[in-house]
Amino acid sequence: ETLREFALDQLAGSDVGSEAWAAHAQHYAGVASAERPHFDGPHIAASFARLDADVDNFRQALRWSLPHDRRLGLSLVCDLAHFWWERGNWGEHRDWHRRYADGGENDPPEMRGPTLRGLSLSEHFDGHHDVAQALAEEASRLARVRGDRRELALALSRLAWQETYGEELHAAQRHGEAALRVARELAEPAV
């Protein structure tokens with residue numbers, strides 16, 4: 001561990017260090033992206049085991065990406081969201097979504113929407129229901145504006161779930177049915 005800390009200190013102050021961290025972050029973003037399709041299939045346990053082995057590398061890639069390559073970090077947050085949630089790492093799910101949502105008004109909409117949707121779920125479980133609903137509404141709006149049908153189905157489903165909890169049952173039914181319609185049009189079981 002001492003040797004590792006020394007090496008990290010040496011890299012931190014050099015141009016080589018910056019290039020190395022960029023390459024590290026890109027590699028681990030690729031690892032997470034490659035595993036994501038397995039989250040809904042029969043190979044989920046093996047996929048999660050592979051991700052478990054690299055959790056510290058993912059954290060480091062996220063820390064580096066936040067100030068240096070926000071788009072890469074957003075992609076990594078979205079790719080790891082289901083993994084954190086299913087593993088019961090709710091605090092990590094919430095913290096990374098918050099870090100990337102804060103100040104992200106200029107983020108690409110295709111990445112901002114899923115980040116807000118993920119944060120909505122965390123805010124719900126933290127007891128911030130009004131915040132959770134507002135985030136789900138914004139995620140739905142962004143998906144509509146972009147014409148992203150898959151994300152729209154997911155965001156509307158999240159919104160309906162939040163409205164059900166808030167006893168806004170008519171709105172929940174309307175959004176839930178809309179989510180179901182879009183999901184059926186896509187014919188994608190994971191949605």
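Which helix holds alanine 136? Alanine 136 is found in helix H8, residues 129–146. Before going further, note that this is a predicted model, where local features need pLDDT of at least 70, side-chain atom pairs count only at pLDDT 80 or more, and totals for chains, interfaces and linings use all residues. Residues are numbered from 1 along each chain as its sequence is written, and side-chain values use heavy atoms, with hydrogens and water left out.

Now the whole chain. The protein chain has ten helices and zero strands. Helices (H or I, at least four residues) and strands (E, at least two) are DSSP runs, numbered from the N terminus. Of the chain's 191 residues, 43% count as buried. Buried means under 20% relative accessible area, exposed over 50%, and partly exposed in between, with a 1.4 Å probe and protein chains only.

Next, look at helix H7, residues 109–125. Its 17 residues reach 24 Å from first C-alpha to last. That is close to the 24 Å expected at 1.5 Å a residue; the expected span is 1.5 Å times one less than the number of residues. H7 is mostly covered, with 14 of its 17 residues buried. Just after H7, glycine 127 takes a positive phi of about 85 degrees.

Back to alanine 136. Why does alanine 136 count as buried? Because its relative accessibility is 1%. Leaving aside neighbours within four places in sequence, alanine 136 is in contact (heavy atoms within 4.5 Å) with Ser120, Ala155, Arg158 and Leu159. Glutamine 162 is 26 residues from alanine 136 in sequence, and their C-alpha atoms are 8.0 Å apart in space.
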